[in-house]
Amino acid sequence: MNNKFIPIISVFMTISLIVFVSLQLYWIKELYTSLEQDFSNKVYSALETSTQKINQIEVDKIYNKEYNNLGKEVLASANQPTKTYIQQSTDSANRSNILFQTTIVEKQNIPVSAKGDTLYTTKLYKDEGQLKLKKSSPEPLTTDISRDLDNNAYQMKQFARLSATNLPIEKRVDSKTIDSLITKELKLKGIDTKFGYGIINKTNKLTTITNNIYLDQKDKTNYTYPLFTDSKDRTLYTLAIVFPRKDYSLVKHNLPMLLGTFISLLTILGIYIISINYMMRQKKIAEIKTDFINNMSHEFKTPLATISVAADSLANDKIATNPDKVKYYSGLIKQENLRMKKQVETVLNMSKLERNEMPLHLKETNVRQLIKDVAESFRLIVDQRNGTLITDFNATKYNFLVDEFHISNALINLLDNANKYSPETPEIKVSTRNEANFYVIEISDKGMGMDATNKTKIFEKFFREETGNIHNVKGQGLGLSYVKKIIEIHKGQISVDSNKGKGSTFTIKLPMV
(Lines give C-alpha, C1' and ligand atoms only; values in the text may rest on other atoms or scores of the structure.)
Protein backbone atom coordinates (compact mmCIF):
# COMPACT_ATOMS: atom_id res chain seq x y z
CA MET A 1 0.00 0.00 0.00
CA ASN A 2 1.26 3.44 -0.88
CA ASN A 3 2.39 5.21 2.29
CA LYS A 4 0.79 8.47 1.09
CA PHE A 5 -2.53 6.68 0.73
CA ILE A 6 -2.62 5.49 4.37
CA PRO A 7 -3.26 8.96 5.96
CA ILE A 8 -6.02 9.64 3.41
CA ILE A 9 -7.85 6.39 4.06
CA SER A 10 -7.35 6.88 7.81
CA VAL A 11 -9.08 10.28 7.61
CA PHE A 12 -12.04 8.86 5.66
CA MET A 13 -12.30 5.91 8.08
CA THR A 14 -12.29 8.33 11.02
CA ILE A 15 -15.01 10.51 9.47
CA SER A 16 -17.12 7.45 8.71
CA LEU A 17 -16.67 6.16 12.25
CA ILE A 18 -17.64 9.53 13.76
CA VAL A 19 -20.80 9.63 11.61
CA PHE A 20 -21.66 6.03 12.51
CA VAL A 21 -21.09 6.54 16.24
CA SER A 22 -23.09 9.79 16.18
CA LEU A 23 -26.02 8.04 14.48
CA GLN A 24 -25.84 5.16 16.93
CA LEU A 25 -25.79 7.51 19.92
CA TYR A 26 -28.69 9.50 18.43
CA TRP A 27 -30.64 6.29 17.90
CA ILE A 28 -29.95 5.17 21.47
CA LYS A 29 -31.08 8.58 22.75
CA GLU A 30 -34.30 8.39 20.69
CA LEU A 31 -34.90 4.83 21.84
CA TYR A 32 -34.47 5.85 25.46
CA THR A 33 -36.84 8.80 24.95
CA SER A 34 -39.40 6.43 23.44
CA LEU A 35 -38.99 3.98 26.31
CA GLU A 36 -39.42 6.82 28.80
CA GLN A 37 -42.60 7.99 27.06
CA ASP A 38 -44.02 4.47 27.03
CA PHE A 39 -43.12 4.14 30.72
CA SER A 40 -44.88 7.44 31.50
CA ASN A 41 -48.02 6.41 29.58
CA LYS A 42 -48.20 3.16 31.54
CA VAL A 43 -47.69 4.99 34.84
CA TYR A 44 -50.41 7.56 34.12
CA SER A 45 -52.79 4.82 33.00
CA ALA A 46 -52.11 2.94 36.24
CA LEU A 47 -52.63 6.17 38.25
CA GLU A 48 -55.93 6.87 36.51
CA THR A 49 -57.25 3.39 37.22
CA SER A 50 -55.96 3.48 40.81
CA THR A 51 -57.60 6.84 41.60
CA GLN A 52 -60.90 5.64 40.14
CA LYS A 53 -60.78 2.55 42.32
CA ILE A 54 -59.86 4.61 45.39
CA ASN A 55 -62.90 6.85 44.78
CA GLN A 56 -65.12 3.78 44.28
CA ILE A 57 -63.85 2.21 47.50
CA GLU A 58 -64.64 5.43 49.40
CA VAL A 59 -68.19 5.59 47.98
CA ASP A 60 -68.83 1.90 48.75
CA LYS A 61 -67.58 2.41 52.29
CA ILE A 62 -69.96 5.31 52.93
CA TYR A 63 -72.96 3.96 51.03
CA ASN A 64 -72.96 0.27 51.89
CA LYS A 65 -71.37 0.27 55.34
CA GLU A 66 -72.09 3.53 57.10
CA TYR A 67 -75.49 4.02 55.38
CA ASN A 68 -76.39 0.46 54.45
CA ASN A 69 -80.16 0.89 54.96
CA LEU A 70 -80.30 3.60 52.31
CA GLY A 71 -78.31 1.45 49.94
CA LYS A 72 -80.92 -1.31 50.09
CA GLU A 73 -83.98 0.85 49.45
CA VAL A 74 -85.51 1.18 46.01
CA LEU A 75 -87.93 4.15 45.85
CA ALA A 76 -90.45 3.94 43.03
CA SER A 77 -92.91 6.53 44.22
CA ALA A 78 -95.03 8.54 41.80
CA ASN A 79 -93.31 11.81 42.55
CA GLN A 80 -89.96 10.52 41.20
CA PRO A 81 -88.97 11.80 37.77
CA THR A 82 -90.05 9.36 35.04
CA LYS A 83 -89.87 9.25 31.30
CA THR A 84 -91.71 6.95 28.87
CA TYR A 85 -90.79 6.52 25.22
CA ILE A 86 -92.96 4.66 22.68
CA GLN A 87 -92.24 4.07 18.99
CA GLN A 88 -94.74 2.35 16.62
CA SER A 89 -94.12 1.10 13.07
CA THR A 90 -95.95 -1.13 10.54
CA ASP A 91 -94.20 -3.81 8.53
CA SER A 92 -95.12 -5.50 5.22
CA ALA A 93 -96.95 -8.33 7.01
CA ASN A 94 -99.58 -5.90 8.25
CA ARG A 95 -98.16 -6.02 11.81
CA SER A 96 -97.53 -3.18 14.19
CA ASN A 97 -94.21 -3.13 16.05
CA ILE A 98 -94.31 -1.18 19.31
CA LEU A 99 -91.05 -0.32 21.09
CA PHE A 100 -91.46 1.08 24.57
CA GLN A 101 -89.00 2.35 27.18
CA THR A 102 -89.65 3.60 30.69
CA THR A 103 -87.08 5.37 32.85
CA ILE A 104 -87.32 6.22 36.54
CA VAL A 105 -84.71 8.55 38.07
CA GLU A 106 -84.21 8.61 41.81
CA LYS A 107 -81.85 11.07 43.49
CA GLN A 108 -80.62 10.94 47.08
CA ASN A 109 -78.42 13.24 49.18
CA ILE A 110 -76.64 11.46 52.03
CA PRO A 111 -75.01 13.69 54.66
CA VAL A 112 -71.49 12.55 55.50
CA SER A 113 -70.43 15.11 58.10
CA ALA A 114 -71.87 17.97 60.09
CA LYS A 115 -69.82 20.44 58.07
CA GLY A 116 -71.83 19.96 54.91
CA ASP A 117 -69.99 17.08 53.25
CA THR A 118 -72.52 15.13 51.19
CA LEU A 119 -72.71 11.98 49.08
CA TYR A 120 -74.86 12.67 46.03
CA THR A 121 -76.37 9.52 44.49
CA THR A 122 -78.47 9.01 41.42
CA LYS A 123 -80.31 5.78 40.53
CA LEU A 124 -81.54 5.08 37.05
CA TYR A 125 -84.19 2.38 36.47
CA LYS A 126 -84.89 1.39 32.87
CA ASP A 127 -87.48 -0.92 31.34
CA GLU A 128 -87.48 -1.81 27.64
CA GLY A 129 -89.68 -4.10 25.56
CA GLN A 130 -91.12 -4.85 22.14
CA LEU A 131 -94.71 -5.85 21.13
CA LYS A 132 -95.88 -7.15 17.76
CA LEU A 133 -99.65 -6.62 17.02
CA LYS A 134 -101.75 -7.22 13.93
CA LYS A 135 -103.08 -4.00 12.51
CA SER A 136 -106.45 -5.24 11.26
CA SER A 137 -107.73 -7.02 14.36
CA PRO A 138 -106.60 -7.91 17.84
CA GLU A 139 -104.63 -11.10 18.25
CA PRO A 140 -104.73 -13.47 21.19
CA LEU A 141 -102.68 -12.56 24.17
CA THR A 142 -100.00 -15.20 24.17
CA THR A 143 -97.85 -16.19 27.10
CA ASP A 144 -94.81 -14.54 25.50
CA ILE A 145 -96.62 -11.28 24.93
CA SER A 146 -97.98 -11.33 28.45
CA ARG A 147 -94.47 -11.89 29.78
CA ASP A 148 -93.26 -8.92 27.72
CA LEU A 149 -96.00 -6.74 29.22
CA ASP A 150 -95.94 -7.84 32.83
CA ASN A 151 -92.57 -9.37 33.59
CA ASN A 152 -90.00 -7.08 31.96
CA ALA A 153 -87.13 -6.77 34.50
CA TYR A 154 -85.98 -3.31 35.32
CA GLN A 155 -82.29 -2.58 34.65
CA MET A 156 -80.86 -0.36 37.36
CA LYS A 157 -77.84 1.89 37.10
CA GLN A 158 -76.56 3.91 40.02
CA PHE A 159 -74.26 6.93 40.08
CA ALA A 160 -72.63 8.62 43.08
CA ARG A 161 -70.49 11.66 43.66
CA LEU A 162 -68.91 12.60 46.97
CA SER A 163 -68.51 16.25 47.85
CA ALA A 164 -66.26 16.14 50.93
CA THR A 165 -64.22 19.32 51.06
CA ASN A 166 -63.87 19.24 54.84
CA LEU A 167 -63.07 15.57 55.42
CA PRO A 168 -59.38 15.00 56.38
CA ILE A 169 -57.45 12.80 53.96
CA GLU A 170 -56.75 10.24 56.70
CA LYS A 171 -60.50 9.43 56.87
CA ARG A 172 -60.84 9.06 53.12
CA VAL A 173 -58.02 6.71 52.24
CA ASP A 174 -55.15 4.81 53.93
CA SER A 175 -51.57 3.94 52.92
CA LYS A 176 -52.23 0.22 52.69
CA THR A 177 -54.99 0.69 50.11
CA ILE A 178 -52.91 3.05 47.99
CA ASP A 179 -49.86 0.79 48.06
CA SER A 180 -51.90 -2.30 47.16
CA LEU A 181 -53.85 -0.69 44.30
CA ILE A 182 -50.86 1.07 42.69
CA THR A 183 -48.67 -2.05 42.94
CA LYS A 184 -51.37 -4.16 41.27
CA GLU A 185 -52.04 -1.69 38.48
CA LEU A 186 -48.35 -1.14 37.74
CA LYS A 187 -47.73 -4.88 37.53
CA LEU A 188 -50.65 -5.20 35.10
CA LYS A 189 -48.85 -2.63 32.95
CA GLY A 190 -45.56 -4.56 33.17
CA ILE A 191 -43.82 -2.27 35.72
CA ASP A 192 -42.39 -4.10 38.73
CA THR A 193 -39.79 -1.66 40.04
CA LYS A 194 -39.91 -0.04 43.48
CA PHE A 195 -41.88 3.18 43.83
CA GLY A 196 -42.64 5.83 46.41
CA TYR A 197 -46.04 7.49 46.81
CA GLY A 198 -47.43 10.53 48.54
CA ILE A 199 -50.63 12.56 48.61
CA ILE A 200 -50.33 16.33 48.14
CA ASN A 201 -53.09 18.74 49.18
CA LYS A 202 -54.40 21.71 47.22
CA THR A 203 -51.76 23.99 48.76
CA ASN A 204 -49.06 21.73 47.32
CA LYS A 205 -48.01 20.40 50.74
CA LEU A 206 -47.28 16.75 51.45
CA THR A 207 -49.83 15.03 53.69
CA THR A 208 -49.21 12.24 56.18
CA ILE A 209 -50.25 9.62 53.62
CA THR A 210 -46.82 8.85 52.16
CA ASN A 211 -44.01 6.28 52.40
CA ASN A 212 -40.30 6.51 53.13
CA ILE A 213 -39.22 6.02 49.51
CA TYR A 214 -41.15 9.10 48.42
CA LEU A 215 -39.72 11.15 51.31
CA ASP A 216 -36.17 10.21 50.21
CA GLN A 217 -36.72 10.62 46.46
CA LYS A 218 -39.34 13.38 46.22
CA ASP A 219 -36.91 15.68 44.39
CA LYS A 220 -36.80 13.27 41.44
CA THR A 221 -39.30 13.29 38.57
CA ASN A 222 -42.84 12.87 39.96
CA TYR A 223 -45.85 11.40 38.21
CA THR A 224 -49.03 13.06 39.52
CA TYR A 225 -52.75 12.53 39.02
CA PRO A 226 -55.82 14.16 40.70
CA LEU A 227 -57.15 11.94 43.48
CA PHE A 228 -60.14 13.78 45.00
CA THR A 229 -62.04 16.81 43.63
CA ASP A 230 -64.77 19.08 45.01
CA SER A 231 -68.24 19.70 43.62
CA LYS A 232 -66.81 22.03 40.98
CA ASP A 233 -64.16 19.57 39.79
CA ARG A 234 -61.34 21.45 41.50
CA THR A 235 -58.51 19.25 42.72
CA LEU A 236 -58.44 18.77 46.48
CA TYR A 237 -55.72 16.10 46.69
CA THR A 238 -53.16 14.83 44.20
CA LEU A 239 -51.58 11.38 44.16
CA ALA A 240 -47.86 11.51 43.31
CA ILE A 241 -45.47 8.62 42.77
CA VAL A 242 -41.73 8.48 42.10
CA PHE A 243 -39.44 5.68 40.83
CA PRO A 244 -35.90 5.75 42.32
CA ARG A 245 -34.68 3.02 39.92
CA LYS A 246 -36.54 4.01 36.78
CA ASP A 247 -33.43 4.05 34.56
CA TYR A 248 -32.41 0.59 35.76
CA SER A 249 -35.93 -0.70 35.09
CA LEU A 250 -35.92 0.70 31.53
CA VAL A 251 -32.51 -0.85 30.80
CA LYS A 252 -33.45 -4.16 32.44
CA HIS A 253 -36.59 -4.65 30.34
CA ASN A 254 -34.76 -3.70 27.12
CA LEU A 255 -31.38 -5.21 27.92
CA PRO A 256 -31.02 -7.53 24.86
CA MET A 257 -31.64 -4.70 22.39
CA LEU A 258 -29.43 -2.17 24.20
CA LEU A 259 -26.70 -4.76 24.81
CA GLY A 260 -26.72 -5.73 21.13
CA THR A 261 -26.39 -2.08 20.14
CA PHE A 262 -23.47 -1.46 22.50
CA ILE A 263 -21.71 -4.66 21.45
CA SER A 264 -22.01 -3.73 17.77
CA LEU A 265 -20.75 -0.23 18.55
CA LEU A 266 -17.76 -1.58 20.50
CA THR A 267 -17.07 -4.09 17.72
CA ILE A 268 -16.94 -1.33 15.11
CA LEU A 269 -14.67 0.75 17.36
CA GLY A 270 -12.42 -2.26 17.93
CA ILE A 271 -12.19 -3.00 14.22
CA TYR A 272 -11.39 0.66 13.54
CA ILE A 273 -8.62 0.77 16.16
CA ILE A 274 -7.13 -2.53 14.96
CA SER A 275 -7.29 -1.42 11.32
CA ILE A 276 -5.64 1.94 11.99
CA ASN A 277 -3.00 0.29 14.16
CA TYR A 278 -2.38 -2.35 11.50
CA MET A 279 -2.00 0.26 8.76
CA MET A 280 0.37 2.32 10.91
CA ARG A 281 2.43 -0.77 11.65
CA GLN A 282 2.50 -1.68 7.96
CA LYS A 283 3.62 1.85 7.17
CA LYS A 284 6.31 1.64 9.82
CA ILE A 285 7.46 -1.80 8.62
CA ALA A 286 7.62 -0.51 5.05
CA GLU A 287 9.77 2.41 6.17
CA ILE A 288 12.01 0.15 8.28
CA LYS A 289 12.44 -2.33 5.43
CA THR A 290 13.35 0.49 3.07
CA ASP A 291 15.88 1.73 5.62
CA PHE A 292 17.17 -1.83 6.04
CA ILE A 293 17.65 -2.27 2.29
CA ASN A 294 19.50 1.05 2.13
CA ASN A 295 21.73 0.01 5.05
CA MET A 296 22.39 -3.39 3.52
CA SER A 297 23.25 -1.71 0.22
CA HIS A 298 25.82 0.43 2.01
CA GLU A 299 27.11 -2.58 3.95
CA PHE A 300 27.61 -4.53 0.70
CA LYS A 301 28.86 -1.53 -1.25
CA THR A 302 31.96 -1.11 0.92
CA PRO A 303 33.26 -4.70 0.68
CA LEU A 304 32.33 -4.87 -3.01
CA ALA A 305 34.29 -1.68 -3.65
CA THR A 306 37.22 -3.09 -1.69
CA ILE A 307 37.08 -6.37 -3.65
CA SER A 308 36.88 -4.43 -6.91
CA VAL A 309 39.96 -2.34 -6.03
CA ALA A 310 41.87 -5.44 -4.90
CA ALA A 311 40.97 -7.30 -8.08
CA ASP A 312 42.09 -4.35 -10.23
CA SER A 313 45.32 -4.20 -8.26
CA LEU A 314 45.98 -7.91 -8.83
CA ALA A 315 45.56 -7.31 -12.53
CA ASN A 316 48.41 -4.80 -12.41
CA ASP A 317 51.64 -6.35 -13.70
CA LYS A 318 53.78 -4.71 -11.04
CA ILE A 319 51.64 -6.11 -8.21
CA ALA A 320 51.11 -9.46 -9.90
CA THR A 321 54.86 -10.04 -9.89
CA ASN A 322 55.13 -9.15 -6.19
CA PRO A 323 54.19 -12.20 -4.06
CA ASP A 324 53.68 -10.14 -0.88
CA LYS A 325 51.27 -7.76 -2.64
CA VAL A 326 49.39 -10.64 -4.19
CA LYS A 327 49.07 -12.29 -0.81
CA TYR A 328 47.87 -9.03 0.78
CA TYR A 329 45.22 -8.27 -1.83
CA SER A 330 43.99 -11.87 -2.02
CA GLY A 331 43.66 -11.89 1.76
CA LEU A 332 41.72 -8.62 1.58
CA ILE A 333 39.34 -10.12 -0.97
CA LYS A 334 38.83 -13.18 1.25
CA GLN A 335 38.24 -11.00 4.34
CA GLU A 336 35.62 -8.82 2.59
CA ASN A 337 33.99 -11.92 1.13
CA LEU A 338 33.67 -13.43 4.62
CA ARG A 339 32.26 -10.13 5.83
CA MET A 340 29.48 -10.20 3.20
CA LYS A 341 28.86 -13.88 3.91
CA LYS A 342 28.41 -13.13 7.59
CA GLN A 343 25.90 -10.38 6.82
CA VAL A 344 23.89 -12.71 4.55
CA GLU A 345 23.95 -15.45 7.20
CA THR A 346 22.69 -13.00 9.83
CA VAL A 347 19.67 -12.15 7.68
CA LEU A 348 19.02 -15.82 6.83
CA ASN A 349 19.36 -16.92 10.46
CA MET A 350 16.94 -14.22 11.54
CA SER A 351 14.46 -15.42 8.94
CA LYS A 352 14.78 -18.99 10.23
CA LEU A 353 14.26 -17.81 13.80
CA GLU A 354 11.06 -16.00 12.77
CA ARG A 355 9.76 -19.25 11.26
CA ASN A 356 10.99 -21.30 14.25
CA GLU A 357 13.19 -23.34 11.91
CA MET A 358 16.42 -22.76 13.84
CA PRO A 359 17.19 -25.97 15.81
CA LEU A 360 19.20 -25.73 19.03
CA HIS A 361 22.08 -28.09 19.70
CA LEU A 362 22.05 -28.16 23.47
CA LYS A 363 24.86 -29.71 25.46
CA GLU A 364 26.36 -29.47 28.92
CA THR A 365 28.62 -26.41 28.80
CA ASN A 366 30.89 -24.50 31.15
CA VAL A 367 29.21 -21.18 30.49
CA ARG A 368 31.82 -19.28 32.55
CA GLN A 369 34.57 -20.49 30.22
CA LEU A 370 32.41 -19.76 27.18
CA ILE A 371 31.90 -16.14 28.29
CA LYS A 372 35.59 -15.82 29.17
CA ASP A 373 36.65 -16.99 25.67
CA VAL A 374 34.22 -14.59 23.96
CA ALA A 375 35.39 -11.68 26.13
CA GLU A 376 39.08 -12.40 25.47
CA SER A 377 38.57 -12.56 21.71
CA PHE A 378 36.59 -9.30 21.75
CA ARG A 379 39.16 -7.59 23.98
CA LEU A 380 41.38 -7.10 20.92
CA ILE A 381 38.72 -4.92 19.27
CA VAL A 382 38.30 -2.85 22.44
CA ASP A 383 42.06 -2.46 22.82
CA GLN A 384 42.26 -0.94 19.33
CA ARG A 385 40.22 1.97 20.70
CA ASN A 386 42.28 2.11 23.90
CA GLY A 387 39.24 0.90 25.82
CA THR A 388 38.83 -1.48 28.75
CA LEU A 389 36.85 -4.72 29.09
CA ILE A 390 36.46 -5.99 32.65
CA THR A 391 35.13 -9.43 33.63
CA ASP A 392 33.64 -10.18 37.05
CA PHE A 393 32.54 -13.82 37.46
CA ASN A 394 30.57 -14.27 40.71
CA ALA A 395 28.43 -17.25 39.70
CA THR A 396 29.35 -20.45 41.54
CA LYS A 397 27.19 -22.69 39.35
CA TYR A 398 27.86 -22.43 35.64
CA ASN A 399 27.48 -25.85 34.00
CA PHE A 400 24.15 -26.34 32.22
CA LEU A 401 22.64 -26.99 28.78
CA VAL A 402 23.06 -24.29 26.12
CA ASP A 403 23.73 -23.97 22.41
CA GLU A 404 27.35 -22.74 22.42
CA PHE A 405 27.26 -21.29 18.91
CA HIS A 406 24.12 -19.16 19.34
CA ILE A 407 24.93 -18.03 22.89
CA SER A 408 28.38 -16.96 21.69
CA ASN A 409 26.85 -15.01 18.82
CA ALA A 410 24.37 -13.35 21.22
CA LEU A 411 27.20 -12.28 23.54
CA ILE A 412 29.30 -10.97 20.63
CA ASN A 413 26.33 -8.91 19.42
CA LEU A 414 25.90 -7.34 22.85
CA LEU A 415 29.61 -6.63 23.20
CA ASP A 416 29.71 -5.20 19.68
CA ASN A 417 26.80 -2.85 20.52
CA ALA A 418 28.53 -1.77 23.73
CA ASN A 419 31.61 -0.92 21.71
CA LYS A 420 29.85 0.78 18.78
CA TYR A 421 27.59 2.93 20.96
CA SER A 422 30.46 4.22 23.10
CA PRO A 423 31.52 7.41 21.25
CA GLU A 424 34.53 7.93 23.48
CA THR A 425 36.92 5.33 24.86
CA PRO A 426 34.74 2.24 25.55
CA GLU A 427 34.42 0.95 29.14
CA ILE A 428 32.70 -2.43 29.09
CA LYS A 429 32.04 -4.78 31.99
CA VAL A 430 30.86 -8.41 31.86
CA SER A 431 29.64 -9.88 35.15
CA THR A 432 27.83 -13.07 36.15
CA ARG A 433 25.93 -14.30 39.20
CA ASN A 434 23.47 -16.98 40.29
CA GLU A 435 19.91 -15.95 41.03
CA ALA A 436 17.62 -18.78 42.15
CA ASN A 437 17.62 -21.26 39.24
CA PHE A 438 18.92 -18.69 36.76
CA TYR A 439 22.40 -17.92 35.49
CA VAL A 440 22.54 -14.11 35.15
CA ILE A 441 24.86 -12.34 32.70
CA GLU A 442 25.20 -8.55 32.72
CA ILE A 443 26.97 -6.56 29.98
CA SER A 444 27.23 -2.86 30.78
CA ASP A 445 28.87 0.13 29.16
CA LYS A 446 29.26 3.86 29.75
CA GLY A 447 28.30 4.87 26.24
CA MET A 448 25.64 7.13 24.80
CA GLY A 449 22.70 5.23 26.33
CA MET A 450 19.15 5.69 25.07
CA ASP A 451 15.90 7.37 26.03
CA ALA A 452 12.80 5.60 27.35
CA THR A 453 11.12 5.51 23.93
CA ASN A 454 13.96 3.63 22.28
CA LYS A 455 14.29 1.20 25.21
CA THR A 456 10.93 -0.30 24.27
CA LYS A 457 11.88 -0.65 20.60
CA ILE A 458 15.47 -1.87 20.50
CA PHE A 459 14.49 -5.55 20.36
CA GLU A 460 12.26 -4.96 17.33
CA LYS A 461 13.49 -6.26 14.01
CA PHE A 462 15.28 -3.64 11.83
CA PHE A 463 15.21 -0.99 14.58
CA ARG A 464 18.40 1.04 14.99
CA GLU A 465 19.32 3.89 17.32
CA GLU A 466 19.85 7.05 15.35
CA THR A 467 20.40 10.77 15.71
CA GLY A 468 18.05 12.84 13.58
CA ASN A 469 17.91 11.25 10.15
CA ILE A 470 21.54 10.06 10.19
CA HIS A 471 22.62 6.65 11.46
CA ASN A 472 25.81 7.16 13.38
CA VAL A 473 26.56 3.42 13.62
CA LYS A 474 26.52 0.98 10.75
CA GLY A 475 24.42 -2.18 10.98
CA GLN A 476 21.29 -3.96 9.82
CA GLY A 477 19.19 -3.48 12.96
CA LEU A 478 18.92 -7.26 13.44
CA GLY A 479 21.48 -7.84 16.21
CA LEU A 480 19.34 -7.28 19.29
CA SER A 481 16.31 -8.90 17.68
CA TYR A 482 18.47 -11.97 17.05
CA VAL A 483 19.78 -11.91 20.64
CA LYS A 484 16.23 -11.73 22.06
CA LYS A 485 15.10 -14.67 19.92
CA ILE A 486 18.09 -16.80 20.95
CA ILE A 487 17.52 -16.09 24.65
CA GLU A 488 13.79 -16.80 24.34
CA ILE A 489 14.26 -20.18 22.64
CA HIS A 490 16.59 -21.03 25.55
CA LYS A 491 13.53 -20.24 27.79
CA GLY A 492 15.42 -17.25 29.18
CA GLN A 493 14.79 -13.53 29.59
CA ILE A 494 16.58 -10.36 28.47
CA SER A 495 16.07 -6.79 29.65
CA VAL A 496 17.82 -3.44 29.37
CA ASP A 497 18.39 -0.57 31.78
CA SER A 498 19.64 2.58 30.10
CA ASN A 499 19.91 6.32 30.62
CA LYS A 500 20.67 8.84 27.93
CA GLY A 501 24.33 9.86 28.12
CA LYS A 502 25.14 7.46 30.98
CA GLY A 503 25.28 4.09 29.30
CA SER A 504 23.31 0.84 29.16
CA THR A 505 23.18 -2.50 30.97
CA PHE A 506 21.79 -5.63 29.28
CA THR A 507 20.75 -8.43 31.65
CA ILE A 508 20.34 -12.02 30.45
CA LYS A 509 18.75 -14.72 32.63
CA LEU A 510 19.25 -18.31 31.46
CA PRO A 511 17.48 -21.19 33.24
CA MET A 512 19.90 -23.78 34.63
CA VAL A 513 17.37 -26.63 34.65
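These notebook entries record what I looked up in a predicted model of one protein.

**Entry 1: the whole chain**

I began with the protein as a whole. I counted 14 helices and 15 strands in the protein. Of its 513 residues, 35% count as buried. I then looked up the surface: the protein exposes about 31500 Å², and carbon and sulfur atoms supply 54% of that area. Last, I turned to contacts between residues at least 6 apart in sequence. Among these, 69% join residues at least 24 apart.

**Entry 2: a patch on the surface**

Which residues make a nonpolar surface patch of about 360 Å²? I found that Val11, Ile15, Val19 and Leu23 make this patch. Leu23 belongs to helix α1, which covers residues 5-66. Its relative accessible area is 55%, so Leu23 counts as exposed, the cut-off for that word being over 50%.

**Entry 3: Thr365**

I located Thr365 in strand β9, residues 363-366. I then listed what Thr365 touches, leaving aside residues up to four places away in sequence: Tyr398, Asn399, Phe400, Val402 and Glu404. With Glu404, I also noted a polar contact of 3.5 Å between the two side chains.

I next looked up backbone angles. Most residues other than glycine have a negative phi. Against that background I noted two residues.

Asn386 is not a glycine, yet its phi is positive, at about 60°. Where does Asn386 lie? I found Asn386 in the loop between α11 (367-384) and β10 (388-393). The relative accessibility of Asn386 is 64%, so this residue counts as exposed.

Ala436 is likewise a residue other than glycine with a positive phi, near 55°. I placed Ala436 in the loop between β12 (427-435) and β13 (438-445). Is Ala436 buried or exposed? Because its relative accessible area is 74%, Ala436 is exposed.

**Entry 4: review**

Notes: Residues are numbered from 1 along each chain as its sequence is written. This is a predicted model: local features need pLDDT of at least 70, side-chain atom pairs count only at pLDDT 80 or more; totals for chains, interfaces and linings use all residues. Side-chain values use heavy atoms; hydrogens and water are left out. Patches are made of residues with over 30% relative accessible area and no salt bridge: like charges are joined within 9 Å, nonpolar side chains (Val, Leu, Ile, Met, Phe, Trp, Tyr) within 5 Å. Accessible areas come from the Shrake-Rupley method with a 1.4 Å probe; for residues, only the protein chains shown count as cover. A salt bridge is a side-chain nitrogen of Lys or Arg within 4 Å of a carboxyl oxygen of Asp or Glu. Helices (H or I, at least four residues) and strands (E, at least two) are DSSP runs, numbered from the N terminus. Buried means under 20% relative accessible area, exposed over 50%, partly exposed in between (1.4 Å probe, protein chains only). A polar contact is a pair of N or O atoms within 3.5 Å; within protein, one must be able to donate a hydrogen and the other to accept it, and residues adjacent in sequence count only if both atoms are side-chain atoms. Contact means heavy atoms within 4.5 Å.
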